[in-house]
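Dear colleague,

I am passing on the structure below, followed by some notes on what I found when going through it. Please read the notes with the coordinates open beside you.

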Amino acid sequence: MDVETFLNRIADHELFADQIVHVEVIPERPAVYADVPGGLHPAVQAALEQQNTSRLYSHQAEAIANIRQARNVVIVTATASGKTLCYNIPIVETLAEDSAATALCIYPTKALAQDQLRGIGQFNLPDEGVEFLAGTYDGDTPQNLRRRLRDGANIILTNPDMLHQGILPQHARWNRFFTQLRYVVIDEVHAYRGVFGSHLANVLRRMRRICEHYGCSPQFVCCSATIANPREHAEGITGQPMELITNDGSPRGPKRFVLWNPPPQERAARGKPDHWRVGGDRKSPLWEGVHLLTALVQEGIQTIAFVRTRLAAELIFKNTRDLLRPKSRRLSESVHAYRGGYLPEERREIERQLVSKEIMGVASTNALELGIDIGSLDACVLVGYPGTVASLWQQAGRAGRGVEESIVFLVGQNTPMDQYLMTHSDYIFAQSPEQAVVDADNPHIAIGHIRCAAYELPLADEEVEVFGPYADVVLELLEEEQLVKHLQGHWYWASSEYPAADVNLRNIAGPVYTIQDEAEGQRVIGTIDQLSALSQLHDHAVYIHGAETYFVNRLDLEQKIAHVEKCDLDYYTQSIQTSQLRIDETEKQQEWRGGLAGFGDVTVTTSIPMFKKIRFHSRDSLGFEELELPPQTLETVAMWLAPPEQLADRMLQQKMIVGEALIGIANVVVEVAPFFVMCDTQDIGTVVEASCLKRDALFLHDRYPGGMGYARRCLDCIEDLMAAVHTVISECGCEDGCPSCVGSAVPAFAMTDLDSAVRGRIPDKRAALYLLDALFK
């Protein structure tokens, strides 16, 4: 593919004029090979030769050598660098020496586990002396196969949910497997962060207890995308010390990485090219994605377009087909969508057609971000920053998975985060500062796993501390509820309940609401936590599930059921929230640039007095509707920032409202915090108020009971965080504030986002900038 010619052609096209703001040329990198000390087992060597693999890359050899020395390892290398061989080879070598040995491989999705099963199957060579049974054990596995795998499998490929609900509580049936367990593999370990990661850490605490019960101590092998703290994160998940492998020896073809900023709706005329203006409303990034995908497919360039939601994938797929149909029916039919919600056989067929080049363009959610084998594509279009640099590089890695030249487009959304990246490309191409966060000791998460642990095996007094500093208090509470009993130094489960069924690894403990489709005989289409239910499933809300729009007829607060009905609607809804905050305990407080910065326990009370109706695509407001919902309280943690009192006095003298300035700053803080902490903008919230500290202050809080560690990390990097906020606001080309800075954009994925609370009108940009200029002068 001649990337330079293609770029020159679209740069001259009137549809794409002045939208390329930066092109990063990433040079090719030759392979670095190495031998494993002592060589490879003959059966492994034979299998590799059948796979046309003659030598191992340096990181593969280093990882295998460490695993042979009984070390736990975390491997951090690029997408498509062959991380799978790092653990498949030691597992197969062990099986060649001990046919009874077992290994457990944990993947974040069922599709990825299925894909990896094909890879390990290539080592099953009875003629070479290696024969084993491997299989995926998940919700799609038939009952007869489950029994066969449980009784005889050497390698089980599963996901955290099945390990939590289907394997650990039934460990007595798995005694053969656990007795012989030698390896536990956790692939894509960077994906386990926040609530999900904290749950997995507790699941693995339970698993290690069970392993100890059966007399085994398995090695842990983790694979991760590039993050700032891979060793710390892997150790937090597994509870074990880890060796870090980062010596990436895989080859890489040359790549052009293009930052593409949709043009403003109204062209600015200030003596600079339009693409330098980073402010005001812009053309839809979805439409830019459609036009880019269409142009690439027309050129015969096989392309994947990544979007944040299922609905966006369907929209790009449909509109790209519509644009291609008048030009070529064959090309039109070669474009498809790929997302969760498709049947497994449909997804397998799309994957096959991508490998065979029958499909030339695919619009996908992050379902294809993880390492599923779809061959080597030529181009990748990212419609909006995917939320983390780790995800960005994983998605970009889908293009150029061989040594041929490839091209990647990042299409900017009209948000502070995306617009910051459009003018600060060094953030993407420098070392990632992102820190993955888990808090396994959060009592709201640990309580469910303590219940599960007591159900699985009596919990000895000396084991209690494994589940964190609050575990003894949690057990006393469970005893009061007559769920456990303490006898002779052990805690025993004393209920007929099956506790694993009550723990959802994606949510935190609390009431769960059921979503029922009235048109299909009250069929349950999903579940959701209480806080999200009130903001997304209130009466007359529009709920989007599986790319379909549902109208909420009624939210039953007593029965905790949302009654919905499928409707073809042209708008979505956003709840309008108001929050009050109270500091319960100050853990840390310090001077920062003449002002005050602190951290501690807080209670946030949130009310939802109304919601807004917004038309798809145009984002036109269709009006508001009032709600009568009970206020919700959240006991969590927060960091806070109060500007110097002398600065506040100067602002008042100039008729600027300090609280108004802080609201604008808060809107940007929420957007740029994920640059420094691996979280979603929906994981954190902000409140601006004056009663707690007797002066105007900005509070940033975790949106989970007990906190997840986000606010604490934000305080730790407050200097860099606030400097980024200052940069976003000062470099925005608008006069009075806009969605790209203090105005808090409604992102393109809001129409399907699970929490679509909106932070209100555009505050005073002049006041926000005055305050930040004074702080950073």
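In this predicted model, Ile665 is in contact with Leu698, Met722, Val725, Ile729, Ala768, Leu771 and Leu772, once its neighbours within four places in sequence are left aside. Ile665 also belongs to the largest nonpolar core, which has 84 residues, and it is listed there with Leu410, Phe675 and Leu771 as the residues with the most contacts inside that core. Helix α22, residues 658-672, supplies the largest share of this core, namely nine residues. Another core, of 40 residues, lies apart from it and includes Leu133, Ile210, Met242 and Leu505.

Turning to helix packing, helix α7 (residues 160-167) and helix α9 (residues 194-213) pack at an angle of about 45 degrees, and their axes are 10 Å apart. With that angle, α7 is therefore oblique to α9, and the crossing of the two is left-handed. On the α7 side the contact is made by Pro160, Leu163 and His164, while α9 contributes Phe196, Leu200, Val203, Leu204, Arg206 and Met207; the residues of this contact divide into seven nonpolar, one polar and one charged.

Finally, Pro254 lies in the loop between β10 (243-245) and β11 (255-260), and it counts as partly exposed because its relative accessibility is 25%, which falls between the limits of 20% for buried and 50% for exposed. Not counting residues up to four places away in sequence, Pro254 touches Ile26, Pro27, Glu28, Val403, Glu404, Glu405 and Ser406. The C-alpha atoms of Pro254 and Asp539, by contrast, are separated by 53 Å, with the two residues 285 apart along the chain.

Best regards

Note on methods. Residues numbered from 1 in each chain as written. Predicted model: local features only at pLDDT ≥ 70, side-chain atom pairs only at ≥ 80, totals over all residues. Heavy atoms only, no water. Axes fitted to C-alpha atoms, helices over the stretch in contact; angles between N-to-C directions. Helix = DSSP H or I, 4+ residues; strand = E, 2+ residues; numbered from the N terminus. Parallel < 35°, antiparallel > 145°, perpendicular 65-115°, else oblique. Left-handed = near helix turned anticlockwise from the far one by under 90°. Contact = heavy atoms within 4.5 Å. Nonpolar A, V, L, I, M, F, W, Y, C, P; charged D, E, K, R; others polar. Core = buried A, V, L, I, M, F, W, Y, C linked by side-chain atoms within 4.5 Å. Buried < 20%, exposed > 50% of the residue type's maximum accessible area, 1.4 Å probe, protein only.
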